[in-house]
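Student: I want to learn how to read salt bridges in a model. Can you walk me through some cases?

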Amino acid sequence: MSASASKKRRKDLQQEGLSPRQVAAAKAKKEKKQHLKTVLLIVMAVVVSAGIIAGLIVFLNSRKYQPDYDVNTPVATVGDYEISVPMFNYYYIDAVSSYINMYGSYLSYLSTLDVSTSLDSQYQDEDNGVTWGDYFEDQAKETIQAYYNIYDDAVKNGFELSDEDSDAVDAAVDAVKESAKAAGVASADRYLAKIYGIGCDLDSYREYCRIRQVVSSYYKQCDDAITFTADEVTAKYEEDPNAFDAINYSLYTVAAQDYVTEDETQETSAEDDTTETTEAEITEEAIAAAEEAAKAAAEDFPLKDAQLKSDGFDAVKSTISEDAQSWMFDTARKEGDVSYFYNETAKTYYVVRYENRDTHDYKPANAYIINIPFDTDTEDDAETEEAEATQTAEEKFNAVCDALTDAMTDEEFSQLGTTYGTSYSGITNDIIHGAYDDEINDWLFDSARKAGDTQSFTTDTGYFVVRFSSLNDNTYCYKMVEDTMHSEASDEWYHEVTEKLTATMDDNMKGYINSDITPNVLFNLSSTAE
């Protein structure tokens with residue numbers, strides 16, 4: 001499994017376990033468009049929504065129901081675990097849905113997948129004869145290997161689902177029953193068979209949900225158990241400060257293109273003797289002239305056109321050059337040092353004035369933030385009438401400000417956020433420097449700030465009402481280092497556990513996998529098929 005694929009799998013694991021409250025919240029938001037989704041939730045909300053149910057009616061009544069094979073015959077095995085075709089199909093449809101939702105409305109631009117065509121009849125890698133059906137089969141196989149390895153580890157370590165976890169599984173099964181009724185299908189078994197594949201039913205679906213919940217909850221338990229002492233974090237930082245620090249610097253650019261002479265940009269058309277201005281090849285003379293200008297700029301710093309920048313070790317290398325990286329992160333650097341560097345790819349000189357090293361030794365803030373974007377103008381009469389029927393952004397902002405009191409609690413403030421704010425979701429943790437407008441930033445990190453302090457702001461994009469909660473116990477640098485250590489340890493655990501048992505496929509049973517689906521028929525994706 002590739003590193004990127006396994007990282008995505010770990011991210012999926014962190015998102016899959018749903019409490020009953022989360023299930024209810026997902027159902028309440030089912031009509032809201034989502035730009036990105038990395039995982040098919042247990043409740044399969046993408047199938048539950050009313051619009052998709054309408055699209056499924058014809059589909060559900062157009063396929064056979066009874067399997068023509070022994071559903072107990074495994075199509076895949078992971079150690080002693082046997083995965084039936086119905087069980088494999090759950091992971092297969094999961095893989096298809098996750099991929100489509102990952103790209104969202106950009107699918108047709110960023111992928112060769114045609115959602116209006118059967119997966120088995122189009123190539124994902126034509127040179128190697130790999131269809132999209134093959135691709136998603138492989139994705140499902142990789143997921144099954146990872147999940148059943150983690151499940152096996154959970155069983156061997158005596159892990160059991162909590163009551164809340166068990167309730168989440170029940171809620172997922174109940175959601176399918178409700179969806180079957182809403183779609184007008186005779187039974188939940190038939191509903192599952194039509195969506196996921198022949199042989200899928202409530203019993204297998206419940207087991208699928210149970211295993212996923214065990215995997216998700218056990219993974220979280222193991223991940224949460226990864227902790228480090230302050231001495232360990234400090235030692236990690238001291239091994240390589242450059243990996244975490246940033247350099248604040250002033251930057252002035254000199255492009256060689258600007259020193260190409262007018263004669264060099266003139267091209268005469270042989271057909272009509274007209275002269276056109278084109279982008280001529282950058283000559284050595286132009287590069288030399290740019291270098292002289294860069295040298296002069298370095299001597300004249302500070303320059304009014306220079307930009308203040310802050311970049312980490314890798315960012316400096318990728319945007320300027322490796323030489324600039326070495327120079328800027330040299331511990332001998334001091335404020336006011338100036339040099340210039342050439343980027344061959346960009347044909348540009350970068351003049352750099354070193355300001356200081358940012359060790360991120362401040363503590364991030366936590367605050368409740370109500371954001372009310374400015375109203376957007378529209379020429380559509382219907383939209384205008386609808387906008388006029390609701391409160392304007394200014395009216396919402398004034399309503400929030402009028403409701404503020406010195407005795408207000410965090411809960412009462414959050415109620416205002418839910419009522420008047422945009423995408424308000426409670427407290428915002430780990431706010432770092434530069435995350436918000438300068439005025440908000442300065443207020444949040446004022447040394448006089450105390451819990452409950454509340455202030456309103458008007459920015460270029462809208463209104464903000466901010467209620468300060470606290471500063472973190474540790475610095476932003478500490479958090480970065482600790483997060484890096486945690487990620488590395490989590491990666492190590494994940495690979496160690498998920499590679500113990502290998503998933504294998506039975507070629508004789510692969511033909512029964514539900515790989516002949518047409519995505520936009522199953523998921524009502526006509527809008528992304530254009």
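Student: Which residue forms a salt bridge with Arg-333?

Tutor: Side chains of opposite charge can pair when their charged atoms come close. The cut-off is a side-chain nitrogen of Lys or Arg within 4 Å of a carboxyl oxygen of Asp or Glu. Here Arg-333 pairs with Asp-337, with the closest N and O atoms 3.0 Å apart.

Student: What is this model, and how are residues numbered?

Tutor: It is a predicted model: local features need pLDDT of at least 70, side-chain atom pairs count only at pLDDT 80 or more, and totals for chains, interfaces and linings use all residues. Residues are numbered from 1 along each chain as its sequence is written, and side-chain values use heavy atoms, leaving out hydrogens and water.

Student: Are Arg-333 and Asp-337 buried or exposed?

Tutor: Buried means under 20% relative accessible area, exposed over 50%, partly exposed in between (1.4 Å probe, protein chains only). Both Arg-333 and Asp-337 are buried.

Student: Which residue does Lys-479 form a salt bridge with?

Tutor: Asp-430, with the closest N and O atoms 3.6 Å apart. Lys-479 sits in helix α19 (residues 476–498) and Asp-430 in strand β12 (residues 427–431), so this pair ties together parts 49 residues apart in sequence. Helices (H or I, at least four residues) and strands (E, at least two) are DSSP runs, numbered from the N terminus. Lys-479 is partly exposed at 25% relative accessibility. Asp-430 is partly exposed too, at 32%.

Student: How many salt bridges does the whole structure have?

Tutor: The search finds 20. Glu-137, Asp-507 and Lys-510 are linked in a network of them.
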